[in-house]
Amino acid sequence: MPSFSKYETPEPFKCSRINLREFRFLQTMIFAIEEINNSSILLPNVSIGYKAFDSCGSTLPSTHAVMGLINGEDKTWSKNCSSVHAIIGASESSSTIAMQQISGVFQIPMISHFATCACLSNRKEYPFFFRTIPSDYYQSRALAKLVKHFGWTWVGAVRSDNDYGNNGMATFIEAASKEGICVEYSETISRTGSREHIEKAVRVIQRGTANVLVAFLAQGEMDVLLEEVLKQNVTGLQWVGSESWITANYLAKKRYSGILTGSLGFAIGKAKIPGLQEFLFKEFWETTFGCSFQSSVPGTKLCSGSERLQDADNAFTDVSELRISNNVYKAVYAVAHALQYMAKCGSSHNLISHSCILKDHSEPRQVAKQLQNVNFTLESGEQVYFDENGDPVATYELVNWQRNHAGGIVFMTVGKYDASQPNGNEFTMNNVNITWAAESWEKPLSVCSENCLQGFRQAAIKGKPICCFSCVPCAGGEISDTNNSAECSQCPPEYWSNIDHSKCVPKVIEFLSYGETMGALLTAFSLCGASLTLAVLCVFFNFRHTPLVKASNSELSFLLLFSLTLCFLCSLTFIGQPTEWSCMLRHTAFGIAFALCISCILAKTITVVMAFKAKRPVNTVPQCSASLQRTSVLGCTLIQVLICVIWLAFDPPFPHKNMVYAREKIILECFLGSPIAFWAVMAYIGLLALLCFGFAFLARRLPDNFNEAKFITFSMLIFSAVWLTFIPAYVTSPGKFTVAVEIFAILASSFGLLFCIFAPKCYILLLKPERNTKKMLMGRNQSKHNKSM
């Protein structure tokens, strides 16, 4: 036990500066031994002895101590004693390693109460080492999770320049990097180092931009560091400490306690050891109250016995924070239980067994073997056992340095860490307010770069650690819904990022609707065209007995007007949200209506040509023409109907969400299903229009008072121009404009047919009725015929 915290060189070395806390550990060991010796249950009729060596908190005295323990037979032992050696200690990892390297050769088990270096868990190098304090393997990771929990990504670090500090900090840095934490600097402190080195380390801390300092220091290095911190007036740091100093009462009561108020760190759980307080007080009664029970001591008052022990206040008598002392207590009891198992083993076998201790010979290896199987419960209810590496279960309390009402420092438990819990559930916080650095209630910020808000991502800055970054807005369709997102998340296919890029919202569904301006205008033109066609139909019906209507082939005229009405109305199927039925109807209705319309015009044109080119008697022509008209119109229309039926039967159009053309919205359109069928419908209409145009062109000079063949030629020119323009516009138009272009082509061609064919006739029927006579028809027809002769 390092009862003194410093030794002086050169040899012979001398220990100085008594360490009351470490001395309390020694007295706790003695108390536990006496408690076991007085027990009638544990090791009855067996007394445990001990020898105490002072390591002075350094490696060299520690090696001297262990050599003194194992160097030959000790004459102080009685002949009836069995020298089964077990070492309790030491408090520091470096000293423990040095001692174990020597004692391990002799297979002497060592149980440490305070050596936390993860390297000591290596059973190949230290097979006889055990400890009642968790390994730094867990503490370092717990500290990394603690720093991450409070959002500190930019921290400074200082460590003891020994096995404890170097191994612990290396593990912390590794765990911190996995948590996205960067260490701005990592300085070393040695209690025996030069003053210049310590001053330089503190200057680095002072110049650093990190507001959080992780101090993985033993108490000796912590004393040296704090003195220099106080000298250079380094304030405002949020200290995060290791278990070696985070509950050291003497640090809280010194002049630099103001620097450490608000500190956070993990500590071993507190415990109560009944009877220890009285034991310690008796030992230090005279020292504490400056009195003596012997009147012969000159200059010292006589102890009356009425002094209040509760008023004593030093690191030795303070049992309110029994953390490491409890580890000493557990270590002693672990050895006792191991001896108990060995005693039972010896009493149950007549023959010597390799697993049992010999009566007259010491076999320390047997103690180590039994320690591996130790599993017992203290009176406090705490269970003690070692895992395969000789370590206990890693459980810590998160303590916070807070001031009480009296102005003193108390170690308030604000959270817990249990390494045995599933990943992600090890660290829990209590509902206790935390005091931060400078006794503030506001959590400090320690980052290299300001937080990236939602909708931004972190972009690394070349040449700097990953914690130093710039904030880049997420691209369209990507979001970040948390601060400091490393990457932006892609929205699902049917979702898009909102304006802030903080969440995904359903994409805008676009289609040509009746409610928007373009849809309303096209609907109005469609209804206007249909109404105008019906008005013409009414005019023709009203004048159906007049020579002009009769000469215009009234049957085909009425059928043509009916088909034009369908053409105007079929454009309405292209407006509104596409559905399965509307998609199938819009193209087939359009194809059949236009096929019927062009078939009627084609029949009219053929009739005109046949009427003037026929060589049969005139009275037979009308009968033949009427039959031919009906047959040609029906036949031509049925072909289109057949194409549409085949299209709908095998690969019909269907609603489709187009998310390729525009990433930020969904264009709801009718997928053609079979493009071949669509273009077959269009090609057939084009073929009928081409035939109609050819016959009309041939008949343009035939005698006709109303020049119907010429008007049909003009209408076909307009029809062809519209649809030839439609094809490239249809292919290149985006989104709903594709549908608008198609509707425009339907309406434009329909209006072209209506005006070119029926406008001249309506003009005569309504405005020039004097020309609507048989005489006028026959006269002009005859004159034209004579001129052609």
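Q: In which helix is the place of Ala535?
A: In this predicted model, Ala535 has its place within the helix that covers residues 517-542. Counted from the N terminus, that element is helix 14.

Q: Is Ala535 buried, partly exposed or exposed?
A: The relative accessibility of Ala535 is 35%. Because buried means under 20% and exposed means over 50%, a residue with 35% falls in between, and Ala535 therefore counts as partly exposed.

Q: How far apart in space are Ala535 and Leu561, C-alpha to C-alpha?
A: Along the sequence, Ala535 and Leu561 are 26 residues apart. In space, the C-alpha to C-alpha separation of Ala535 and Leu561 is 9.7 Å.

Q: How many salt bridges does a search of the whole structure find?
A: Side chains of opposite charge can pair when their charged atoms come close. Searching the whole structure for such salt bridges gives a total of 15.

Q: Which residue forms a salt bridge with Arg191, and how many residues apart in sequence are the parts that the pair ties together?
A: The partner of Arg191 is Glu92, with the closest N and O atoms 2.6 Å apart. Arg191 lies in the loop between strand 7 (182-189) and helix 6 (195-207), whereas Glu92 lies in the loop between strand 3 (87-88) and helix 3 (93-103).

Q: Which residue forms a salt bridge with Arg131?
A: Arg131 lies in strand 5 (residues 129-131), and the partner lies in the loop between strand 14 (383-385) and strand 15 (395-403), so the pair ties together parts that are 260 residues apart in sequence. Both residues of the pair are buried. The closest N and O atoms are 2.7 Å apart, and the partner of Arg131 is Asp391.

Q: Where does Glu227, which forms a salt bridge with Arg255, lie?
A: The closest N and O atoms of Arg255 and Glu227 are 2.5 Å apart. Arg255 counts as exposed at 58% relative accessibility, whereas Glu227 counts as partly exposed at 35%. Arg255 lies in the loop between helix 8 (249-253) and helix 9 (257-260), and Glu227 lies in helix 7 (residues 219-231).

Definitions and conventions:
Residues are numbered from 1 along each chain as its sequence is written. This is a predicted model: local features need pLDDT of at least 70, side-chain atom pairs count only at pLDDT 80 or more; totals for chains, interfaces and linings use all residues. Side-chain values use heavy atoms; hydrogens and water are left out. Helices (H or I, at least four residues) and strands (E, at least two) are DSSP runs, numbered from the N terminus. Buried means under 20% relative accessible area, exposed over 50%, partly exposed in between (1.4 Å probe, protein chains only). A salt bridge is a side-chain nitrogen of Lys or Arg within 4 Å of a carboxyl oxygen of Asp or Glu.
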